[in-house]
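Colleague: Before I rely on any of the labels in your notes, I would like to hear what stands behind each of them. Could we go through them one by one?

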Amino acid sequence: MRLSLGQITGRGLMAATLAFGLSTAAQAQEYPHDTVTLVTHSSAGGGTDVFLREMVGFLGKAMGTTFVVENVTGGSGSNAMAKLAQSPADGSIFYGTTPTYINTSLLSELEYDFTDLEGVANVFMDPQIVFVKSDSPFQNLTELVEAAKADPAAVLFGVTTPGSLDRQVMEQFKSLTGITSPVITHDGGGELLISVLNGTVSVAIGEVQELSAQIEAGEIRLLATYTEERLPNFPDVPTAREAGIDLVVTKFRGLAGPRGLPQDIKDLWAAGIDRVLADPEFKAWYEAQSLVPTPMNAADYEVFLNKFAEDQKAFLIQYGIMSQ
Amino acid sequence: MDGFSTAWNILTTTPAVFAAIGGVAWGIIGGALPGISPSIALALLLPFTYGMDPITAIVLLGATYVGAEYGGSIPAILINTPGTNAAAATVVDGYYMHREGRGGEALGISLQSGVVGGMIGLIFLIAFTEPLSRVALSFNFPAYFALGILGLSVIVSLSNGSLVKGLMAATFGLMIATIGTDPLSGVSRFTFGEAELLTGIEYVIVMVGVFAMSELMMTANTPDWGKTDQTQTRIKLPTFRKWRKLWRAQGIGSGVGIFEGVMPGAGGSIAAFMSYNEAKRWSSEPEKFGKGSEEGIAAPEAANNAVACTALVPVLSFGIPGSNSAAILMGGMLIHGLQPGPMLFQKEPEFVYGLFGGLAVANISQLFLGILMMTPALWLVNRPKPFLMAAIFGLVFSGIYSIHNSTYDLYLVLLFGLMGYLMRVFAFPFLPLVLGLVLGYLVEANYRRSLELTSGDHRIFWETPIALGLLITAALFVTGSALRDILAARKAAKRVAEGPAPE
């Protein structure tokens, strides 16, 4: 019901912007393709799929062209990367980025990996949050760190999957604080949440979207966020930095394309993402999801992605997940 | 009663009823195509639901799940290929009956058992979501490990004769399960640098290879394979008298299915195998299992349909999907702005009751749609063998290709086909292989996680009451079966010593 209402108002808005935007459209360069494909490695209904499908409605009116989302699943992103790498670098096809595609590139010997793609624009950062069961004795990170130092085996840390970004964050947290508690991996966010709810692990990391139902129901409590600033939806939850732990997590969501994209396409995207993020209706959606808008243009994003890959590689080698 | 009238209102004022019926029909087709698992049938449908009213969309997806879990038994019975992972246990007795010319009866039993299991599962979902969610919460790593061990103890009864060969097949299944990413460290194991193997090998690829491809190879080897099968199969629902013989197996199947569906990570295949084993144990004719037992179809088919309903318990109560299919269903809810989890019943009661009502319609309409859709399926398998075999080959290849749109999977399926062929030649049983494959990850990951919790102390397994209970049950199963086999062997030896058996 909500979606159809949204579509109706969306059409109204589109009509309004069409009328209003004639002057701006004359200045803005026309996008050289009628249809642009956004590829995701996420299956239909998965996190990135939902995000892209939500965004394309707004992108369409911001950039004056039609967008379609295509799910190219399998091989943890490698199939999608191969498709992109073999597509023309003319702005007709892009890939929805998440840390997964870089991890997959590092962990296997691919014919096409993340270096065959180039960053086009970043859109969001997913804030990572530290949570405990609502009746947990820990009220903040400091108490947690003290308890873990006193008895490392009594404070168990939970993360989703072994090669995941949150495992990396947990290990960084341990080395920053000098804790030696075990980090227990799970098969995904759902299993991790059950482990927190039934008391198997004492503390875990997650994303707001996945946990919002449990937060609202008061089943879990947030201890901290790994963001630069406090989240507007949770003004009472301090950042890790406020607790004296210098840890900010960058779990990105953006777009990459085949290497060699022309500069004018990159410029169109930089302007398009800015316009999408300013759209009040889209803003309502992403604020409810606690996504932090973090636009980056192609040049900045490419630097960011390469830095991320380097850090990730260092982590994977340090913890013996990859050799060399 | 308020919930009932809400459900009635929604079903009579929205297109939800049509969604339920259409979903079941699509689900049966999807489940019946080897390679298209319930989760793929759902994923293919999902994009079409974006523009629908939320209740209609979710009823459509839920009904597809119900239909797909049933549909998997059709190729299991007719062409010796499980259409879905959870139909692997149905293959044995179902295909045996079909070869005896009783395929129509087998189809009728699986259909009726699926409806019974689905309805019982649905009643439990509606009435006991809250207490069932507590069962899900009480399962921690040691308990999941013990559950996996209990599942593996079923090998004894699936081995049909040679326990050594059964154990070898199961070990091979366990070995295949180690391919992919290590569940704890994240190191890639046995992937040879192939990204396709990072997430492991899909169960369905192994099963379709072992069952279907090897069957095709065997058939190509038989000299008279050009002849047409003269027996014409027609669907035959069990009569009331027969039903009285089956209700116990269906009850066992539904019970096991309800239990397994609730727990994230367990799923339909384990439920099917465990209920098969239990039905055999409690049957008055256990010797018929593996040789065309009707109860051997009724129990797993009731179980996998019960799972399809109770797998929604963790979704509705925690927002945690219990299976791949439930995950896609949950994705559908999120797309429509519905947040599954503890607040859903309070915030969107119409949605929850509408879903329940839709599932009830889906389960009932499955009975009629099943009969209707069986006719073309039966027509197809009654075609001359060369046509049928070519069609199966094409069907299997397109189905497997559709999983990831990857030709890599086609090579894998051929490889497992060759393996299945060799297993047939040397008379190795298939089911222990499948069981080892399905349970390998569950057992390994949870064993190691349990030990991480205690820094390597094994006492955790007997200090966790659920784990202890399950492990003792598994030990009793194995020793009990071993004793029975030893006694039977002694009796046989005695008879041989006394002279030729009266025939």
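Modeller: Let us start with strand pairing: two strands pair if DSSP finds at least two bridges between them, the strands themselves being DSSP runs of E with at least two residues, just as helices are runs of H or I with at least four, both numbered from the N terminus. This is a predicted model, in which local features need pLDDT of at least 70 and side-chain atom pairs count only at pLDDT 80 or more, while totals for chains, interfaces and linings use all residues. Residues are numbered from 1 along each chain as its sequence is written, chains are lettered from A and ligands numbered from 1 in the order in which they are written, and side-chain values use heavy atoms, with hydrogens and water left out.

Colleague: What makes β5(A) and β8(A) a pair, and which residue of β8(A) is the bridge partner of Phe131(A)?

Modeller: Strand β5 (residues 128-133) of chain A is joined to strand β8 (residues 203-207) by four bridges, in the antiparallel sense, and since at least two are asked for, the two strands count as paired. The partner of Phe131(A) in β8(A) is Ala204(A). Five bridges, again antiparallel, join β5(A) to strand β9 (residues 220-225) of chain A, where Arg221(A) stands opposite Val132(A).

Colleague: Why is β5(A) called largely enclosed?

Modeller: Five of the six residues of β5(A) are buried, and therefore the strand is largely enclosed by the rest of the structure; buried here means under 20% relative accessible area, whereas exposed means over 50% and partly exposed lies in between, with a 1.4 Å probe and protein chains only. Helix α5 (residues 99-107) of chain A is judged in that way too, since eight of its nine residues are buried, among them Pro99(A), Tyr101(A) and Asn103(A).

Colleague: What makes you describe β1(A) as mostly covered, and with which strands does β1(A) pair?

Modeller: In strand β1 (residues 35-40) of chain A, five of the six residues are buried. Six bridges join β1(A) to strand β2 (residues 66-71), and the two run parallel, with Val36(A) opposite Phe67(A). Three bridges, also in the parallel sense, link β1(A) to strand β3 (residues 93-97), and there Leu38(A) stands opposite Phe94(A).

Colleague: How many residues of α8(A) are buried, and what phi does Gly199(A) take?

Modeller: Seven of the nine residues of helix α8 (residues 189-197) of chain A are buried, and the helix is described as mostly covered; Gly190(A), Leu193(A) and Val196(A) are among the buried ones. Just after α8(A), Gly199(A) takes a positive phi of about 80°.

Colleague: Why does Thr191(B) count as buried, and what does Thr191(B) touch?

Modeller: Thr191(B) has 6% relative accessibility, and so counts as buried. This residue lies in the loop between β2 (188-189) and α11 (203-221) of chain B. Not counting residues up to four places away in sequence, Thr191(B) touches Gly180(B), Leu197(B) and Leu198(B), where contact means heavy atoms within 4.5 Å.

Colleague: Why does Val352(B) count as buried?

Modeller: At 0% relative accessibility, Val352(B), which is found in helix α18 (residues 349-381) of chain B, counts as buried. Leaving aside neighbours within four places in sequence, Val352(B) is in contact with Leu344(B) and Phe345(B), and the C-alpha atoms of Val352(B) and Thr6(B) are 9.6 Å apart although 346 residues separate them in sequence.

Colleague: What are the numbers of helices and strands in each chain?

Modeller: Chain A has 12 helices and 11 strands, while chain B has 23 helices and two strands.
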